[in-house]
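Dear colleague,

Please find below the structure that I am handing over to you, together with its sequence. My findings follow directly after it.

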Amino acid sequence: MILEIVILAAVAAFLGLRLYSVLGRRAEHEEEVVPRRIERGEDRHTSDESARSVQSSVQLRQAEVPAGTEAGVRAIAGADPRFDIVSFLDGAKGAYGMILEAFWEGDRETLRELCDDDVYESFAGAIDAREAAGETLANRLVRIENATIKSAELDGRVARVAVLFVADIAAVTRDRDETVIAGSLDDAVESRDIWTFARHVDSPEPNWILDETDQD
């Protein structure tokens, strides 16, 4: 009798363990988060468009883009998701300094890389005339006070952005005898240049080139 009771207890214990095991796995399964349905293509597209719109608005505020140029900037950003107006302005400031220094030093190779044909020819012509006269420049970019978007447009697949640079430049011109004939390094003069940069939005190259120069 005792042996029978022991056997029944063992069977009950075994069944209990099996039941707990099954219920435990079922409970764990029921606690799993049911995956959401895969978003439709149009839903993802709408989400991406909204995200880019928010990002674009933040960038416009950070760059202090004038209200009249917002549409052009948004059009460029829409055609080229990599376009970042804040990074663009930082790069434009760097290009401004590099191009000025290349012009002052007569560095045609650098100018060729950073300018389109028309602008390059203009710079190269001025360098030729300067060298023919035996004159040299000892100019120095003291600081860029401000760089502001003046205009922006998407012409077909070509983006163009005009930037107004307000800068202090110390300019000195020397003749072939190294005599100063114009300017002074002690007195910086304010310069207000409007430079237009261009880039094909489908180009794998991220670089913009100087497409036009003017003064404010």
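In α4, the residues I99, F103, W104 and E105 meet F123, A126, I127 and R130 of α6, contact being taken as heavy atoms within 4.5 Å. Helices (H or I, at least four residues) and strands (E, at least two) are DSSP runs numbered from the N terminus. By class, 6 nonpolar, no polar and 2 charged residues make up the contact of α4 with α6; here Ala, Val, Leu, Ile, Met, Phe, Trp, Tyr, Cys and Pro count as nonpolar, Asp, Glu, Lys and Arg as charged, and the others, Gly among them, as polar. The axes of the two helices lie 9 Å apart, at an angle of about 30°. Axes are lines fitted to C-alpha atoms, for helices over the stretch in contact, and angles run from 0 to 180 degrees between N-to-C directions. α4 and α6 are therefore roughly parallel to each other, a term that applies to angles under 35 degrees.

The model is predicted: local features need pLDDT of at least 70, side-chain atom pairs count only at pLDDT 80 or more, and totals for chains, interfaces and linings use all residues. Residues are numbered from 1 along each chain as its sequence is written, and side-chain values use heavy atoms, with hydrogens and water left out.

The sheet is open and has 4 strands in the order β2-β3-β6-β7, with antiparallel pairing; two strands pair if DSSP finds at least two bridges between them. β2 and β7 stand at the edges with a single partner strand each, so one side of each has no neighbour in the sheet. On average, neighbouring strands are turned by 25° against each other, direction ignored. α3 packs on this sheet and touches β2 and β3, its direction making about 75° with that of β2.

Within the sheet, β3 and β6 run antiparallel and are joined by 12 bridges. L164 stands opposite I194 in β6, and I169 has V189 of β6 as its bridge partner. β6 also pairs with β7 (residues 209-215) over 6 bridges, where D193 stands opposite Q215.

Beyond four places in sequence, the contacts of F197 include F88, V163 and W208.

Yours sincerely

How values were computed: Angles under 35 degrees count as roughly parallel, over 145 as roughly antiparallel, 65 to 115 as roughly perpendicular and the rest as oblique.
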